[in-house]
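Grab a pencil and let's work through a few exercises together. Have a look at the structure first, then try each task before you read its solution.

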Amino acid sequence: MAICLVTGGAGFIGSALVRELVLRGHSVRIVDNFLTGCRDNLPPDVSNIELFEADIRDLKRLQPIFHGVDYVFHHAAIPSVPRSVEDPETSNAVNIDGTLNVLLASRDAKVKRVIYAASSSAYGDTPTLPKLESMPPNPLSPYAVNKLTGEFYASVFAKVYGLETVSLRYFNIFGPRQDPNSPYSGVLSRFITSLLRSQPPTIYGNGEQSRDFTYVDNAVHACMLASEAPNVSGKVFNIAMGASHTLNQVLDFLQNILGTKVKPIYADPRAGDIRDSLADIELARKSLAYEPQIAFEEGLRRTVQWYKENLGRHAAN
Ligand code: UD2
C-alpha cells in the first residue's frame, strides 16, 4: 500500500480521489486550505486520512508534509475562467506558484510520480475539433495560462530533475460535491441546483456553446491509471468522454430527468469563454488504457440524485 498525497483533497475532484484511494487501501494525506474545498466533502471514516490545513503557496509548510510520500495527486487550484479574469493575481499565485511549490516539494521528497490536474482550457478557440494533445495551445484566459504553465512545469521537472509527472487535461468535470453556490461554479452544478429550487438557470450567450462534459468518476479512474502506466512521464493526456453537448441540450436533458419546465434566462457571454470543446481521447486510451467508465447521461442522473439528497447542505445564495 502506498502513501498518497492529494492537494485540494477537500475539493470536488480531490475528495472523489481521496475516497477511491482509501477504498484501495492506501494511506492518504490531504493538503487543503479550505478556500474552495470543504470539510463536508471528506468521507465519514477518516482513519486512513491525515488532514493538513496548508496553503500550496507556502513551500516551507509543504516540505515536511511531503516526506515519505509515494504519489502526489495535485488538484489544489483556484478554478474558473471568469474568476481568473476578475482576479488574475490570486489565480496566478495559487495555480502557478503553488504548482511550482508542489513540484519542488515532490522532487525533494523523491516522490515516485506526480499526477497534475490540467485543463482543456489550454486549447482555447482553435477551430479544429476534436482537440488532440499535439495541437498548439491557445489559452484565452488567465486561468488557461495558469493551467498550461503548470503542464510545462510538470514536463520540465520530468526532463530536468527526473521527477515523474503526468498531466491530465480534464474536460469539464461534473458530479457530486461540486459547489454550486458561487457565480464561478461549474455550469452543471448551477443548472441542477437552480432547477431543484424552481429558479431559472442563467445561460451566458445563446446556449449553443458545447462542452465535453465528463463525470468525475472518469477523472478519478484516469488518475489511478496515470499513477501506474509505464512510459508516460512528462506527457499530457486529454481526459474526457470524446463527445460534446451544447448547454441548451444539457438543460433539456436535466429538465427531462427532473420533470421540470423552467425557462432559462439568457445573458451576455462571459469574457474568456470558449465556444466549443471536444476531446480526442485516443492517446489516453492507448497509453493509459483509459476508457470512460460512466456514460454522460448516467453521470447526469447520479449527479441530480446527489443534489436532490444534499441540497440542504448547499444553502442558496
Ligand atoms: C473550464 C475548462 C474546464 C475546467 C474549468 C474549471 C474549457 C473548455 N473548460 O470550464 O476543463 O478547467 O474551466 O473552472 O475551457 N455558464 C452558463 N451559466 C452558468 C455557468 C456557466 O451559461 O451559470 C456557461 C459558461 O459561460 C460557459 C459554459 O457554461 O460557456 C461552461 O462554463 P463552466 O464555468 O462550467 O466551465 P468552463 O467551460 O469555463
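**Exercise 1.** Why is helix α6 (residues 187-196) largely enclosed by the rest of the structure?

Before we start: this is a predicted model, where local features need pLDDT of at least 70, side-chain atom pairs count only at pLDDT 80 or more, and totals for chains, interfaces and linings use all residues. Residues are numbered from 1 along each chain as its sequence is written, and side-chain values use heavy atoms, with hydrogens and water left out.

*Step 1.* Helices (H or I, at least four residues) and strands (E, at least two) are DSSP runs, numbered from the N terminus.

*Step 2.* Buried means under 20% relative accessible area, exposed over 50%, and partly exposed in between (1.4 Å probe, protein chains only).

*Step 3.* Seven of the ten residues of α6 are buried, so the helix is largely enclosed. Among them are Leu188, Phe191 and Ile192.

*Step 4.* The buried residues of α6 pack against β7 (173-174), β8 (202-204), α8 (247-258) and α10 (296-310). Contact here means heavy atoms within 4.5 Å.

**Exercise 2.** Is phenylalanine 66 buried or exposed?

*Step 1.* Find phenylalanine 66 in helix α2 (residues 59-66).

*Step 2.* Its relative accessibility is 0%, so phenylalanine 66 counts as buried.

*Step 3.* Leaving out residues up to four places away in sequence, phenylalanine 66 touches Leu5, Arg29, Val72, Val102, Ala105, Ser106 and Ala109.

**Exercise 3.** Is proline 136 buried or exposed?

*Step 1.* Look in the loop between β5 (113-119) and α5 (142-161).

*Step 2.* Proline 136 has a relative accessible area of 60%, so this residue is exposed.
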